Amino acid sequence: MAHASAEFVHELRVRYGECDPQGIVFNANYLLYFDVAFTELWRAAIGPWSLMVERGVDAVVAEAGVKFRAPARYDDVLELHAWIAQLGTTSMTTRIDVRRAGELLVEGTLRHVCVSTETWRKTDVPDWIRAGLEAFVLAA
């Protein structure tokens, strides 16, 4: 594993339709935010998602976790801080912290498993994907 890490940060603004009647972000929308953060980290590390699929591999969500600390509200600018917490043989776990002006609002994790696009069975993380993601692996 890499001993240094680069945290990836992506900003987004909360849209009105993402909020519940109390004016706070509806809890299920954080999974969408996590997906945005992971996709943009992937783009920075490896390139477009379609590149992986064209090479016969896909990554599917096997597990997701969310810990709520404080609410985000309409029009807040959120910083999605993401890094690879674990890079295994067939899977990777991404940690995503949602912050507003530095305040931690939500902690999240996504575990993706690599699968063959032909069989949809799990497969090893290809070396070229591993090499791109290693720059974002959490320091040990």
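How many positive and how many negative side chains does the protein chain have, and how far apart do the centres of the two sets lie? There are 14 positive and 19 negative side chains, and the two centres are 4 Å apart. Lys and Arg count as positive, Asp and Glu as negative, while His and the chain ends are not counted. Each charge is placed at NZ of Lys, CZ of Arg, CG of Asp or CD of Glu.

This is a predicted model, in which local features need pLDDT of at least 70 and side-chain atom pairs count only at pLDDT 80 or more, whereas totals for chains, interfaces and linings use all residues. Residues are numbered from 1 along each chain as its sequence is written, and side-chain values use heavy atoms, with hydrogens and water left out.

Start with the fold. The protein chain holds three helices and five strands. Their order along the sequence is β-α-α-β-β-β-β-α. The radius of gyration is 16 Å, close to the 14 Å from the globule rule for 140 residues, so the protein chain is as compact as a globular protein of that length. That radius is taken over C-alpha atoms, and the globule rule is 2.2 Å times the number of residues to the power 0.38. Helices (H or I, at least four residues) and strands (E, at least two) are DSSP runs, numbered from the N terminus.

The C-alpha atoms fill a box of roughly 45 × 35 × 20 Å along the principal axes. The accessible surface is about 7,500 Å², and 51% of it belongs to carbon and sulfur atoms. Areas come from the Shrake-Rupley method with a 1.4 Å probe; for residues, only the protein chains shown count as cover. Of the 140 residues, 44% count as buried. Buried means under 20% relative accessible area, exposed means over 50%, and partly exposed is in between (1.4 Å probe, protein chains only). Now take contacts, meaning heavy atoms within 4.5 Å. Among those between residues at least 6 apart in sequence, 68% join residues at least 24 apart.

Next, look at Trp83. Trp83 sits in strand β3, residues 77-87. Its relative accessible area is 11%, so Trp83 is buried. Beyond its neighbours within four places in sequence, Trp83 contacts residues including Ala6, Leu41, Arg95, Asp97 and Phe136. Val113 lies 30 residues from Trp83 along the chain, and their C-alpha atoms are 16 Å apart.

Phe136, one of those partners, belongs to the segment after α3. Is Phe136 buried or exposed? It is buried, because its relative accessible area is 11%. Leaving out residues up to four places away, Phe136 touches Ala6, Glu7, Phe8, Leu41, Ala44, Ala45, Trp83 and Ile84. Ala44 is 92 residues from Phe136 in sequence, yet 9.8 Å from it in space, C-alpha to C-alpha.

Arg95 is another partner of Trp83. Arg95 lies in strand β4, which spans 91-100. At 22% relative accessibility, Arg95 is partly exposed. Which side chains make polar contacts with the side chain of Arg95? One is that of Asp97, at 2.8 Å. Another is that of Glu107, at 2.7 Å. A polar contact is a pair of N or O atoms within 3.5 Å; within protein, one must be able to donate a hydrogen and the other to accept it, and residues adjacent in sequence count only if both atoms are side-chain atoms. Arg95 also touches Gly108, which is 13 residues away along the chain, with a C-alpha separation of 5.8 Å.

Now move to strand β5, residues 103-116, where Ser116 is found. Ser116 is buried, because its relative accessible area is 17%. Its side chain reaches the backbone nitrogen of Thr119 at 3.3 Å. Not counting residues up to four places away, Ser116 touches Gly56, Arg121 and Thr123.

The loop between β5 and α3 (127-133) holds Lys122. Lys122 has 61% relative accessibility, so it counts as exposed. Its contacts beyond four places in sequence are Thr90, Val113, Cys114 and Val115. Thr90 is 32 residues from Lys122 in sequence and 6.7 Å from it in space, C-alpha to C-alpha.

Finally, turn to the backbone. Most residues other than glycine have a negative phi. Trp120, in the loop between β5 and α3, has a positive phi of about 60 degrees. Ala101 has a positive phi near 50 degrees. Ala101 lies in the loop between β4 and β5, and counts as exposed at 73% relative accessibility.
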